[in-house]
Amino acid sequence: MAGLFKTTRRGTMLMGGALPLALVLPAHAQTAAPAQTAPAEPPGEAPVFVGRANTIQLGGFEVTTLLGGASMNDNPIETFGLNADPAEFESLSAENFIPADRSGGSFTLTLVRTPDALVLFDTGMVPANNAASLAQAGVKPEDVTHVVLTHMHPDHIGGLMDGEAPAFPKAELILPRPENDHWAANPSEAYTAKVVPLLDKARQIEGTEEILPGIRAEQAHGHTPGHTTYLLESDGQRLLITGDSFNHYVYSVQRPAWHVRFDVDKEQGAATRQAVLARLAEEKIPFIGYHMPFPALGFVAPNGEGSYRFVPATYQFG
Ligand SMILES: [Zn+2]
């Protein structure tokens, strides 16, 4: 992990250029964030983002996770434990060797090479970061044939456009219709700038169908009204792309009933989180989680009543 974060001051670690916290969290999540008191890093001091990519084989598919960016945030209880007992939040943090007053977050895109397509799931926020991580995998943005969205929070759609132009010019955009319906009725700045220009050519899906050979969409609503996960299957091997079903590798996995600030519907988000975790634990299939620690790949194991634990991938896939 050396070099992943650059510590600039307590509570702020940045990568991918001077990427402020404000760019990492969904806009609606910023209201409760503490005020930024330190000045932004002056140009020239920002660390260079060299990109990171990690590839595994899944049957006949090649699955690559791509780091899109990372940050440190304060007061994680206000994000991952809205209804948590503060003492329990504190002790759970200590048991897992993480501070209770700060949390690291990152976002990881997934690229899947099938026999006939090169499919990118979610797009981060920073096209330059995406290009750097894609380059590590030997891929150019114009090589991508399909871009698939789990949902439309800014950290998942921000990389769809590079300035005024589509960032993946040859790709067909595939998006969940219930998600689009929600944001069309409640347009965010990111939705208007990043999704609307691409909508007329996009393929809208219900989230219950096979979207490409070996890639099945599954509704996992709650985090957002159209949040969708994607099950990969090739030669009998499976992997679930869980998007934002659970967003912290300790808090949301070990205490999935805790309410999460980013979930549009807190109760439904918690119910879906528990269902997705239970299924992963039961079926023992690997998953990629958008906000899990890079390479954001691993397994979920039971951890007592209503609790699970994240088992990061190591050499199981080698
Ligand atoms: Zn997210």
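In what order do the seven strands of the open sheet stand? The order is β12-β13-β14-β15-β16-β17-β18, and the pairing within this open sheet is mixed.

## Basis of the description

The model is a predicted one, in which local features need pLDDT of at least 70 and side-chain atom pairs count only at pLDDT 80 or more, while totals for chains, interfaces and linings use all residues. Residues are numbered from 1 along each chain as its sequence is written.

Helices (H or I, at least four residues) and strands (E, at least two) are DSSP runs, numbered from the N terminus, and two strands pair if DSSP finds at least two bridges between them. In the sheet of seven strands with the order given above, the edge strands are β12 (210-212) and β18 (308-312), each of which pairs on one side only. From one strand to the next the twist averages 35°, where axes are lines fitted to C-alpha atoms, for helices over the stretch in contact, and angles run from 0 to 180 degrees between N-to-C directions.

Helix α9 (residues 266-283) packs on this sheet and touches β14, β15, β16 (287-289), β17 (297-302) and β18, with its direction at about 90° to that of β17; a contact between two residues requires that their C-beta atoms, placed from the backbone, lie within 7 Å. Strands β14 (residues 228-234) and β15 (residues 237-243) pair in the antiparallel sense over five bridges, and Leu 231 stands opposite Leu 240 in β15.

## Nonpolar cores

A nonpolar core is a set of buried Ala, Val, Leu, Ile, Met, Phe, Trp, Tyr and Cys residues joined through C-beta atoms within 7 Å. A residue is buried if 20 or more other C-beta atoms lie within 10 Å of its own, exposed if 12 or fewer, and partly exposed in between, with C-beta atoms placed from the backbone.

The largest nonpolar core has 56 residues, and those with the most contacts inside it are Leu 120, Val 147 and Leu 232. Apart from neighbours within four places in sequence, Leu 120 is in contact with Leu 109, Leu 111, Val 144, Val 147 and Phe 168. A second, separate core of five residues includes Ile 77, Tyr 251, Trp 258 and Val 260.

The buried residues of helix α4 (residues 127-136) are Pro 127, Asn 129, Asn 130, Ala 132, Ser 133 and Leu 134, and what covers them includes β3 (53-58), β4 (61-74), β5 (102-114) and β8 (161-162). Just after α4, Gly 138 takes a positive phi of about 75°.

Pro 141 lies in the loop between α4 and β7 (146-148), and Pro 141 counts as buried because 21 other C-beta atoms are within 10 Å. Not counting residues up to four places away in sequence, Pro 141 touches Ala 131, Leu 134, Ala 167 and Phe 168.
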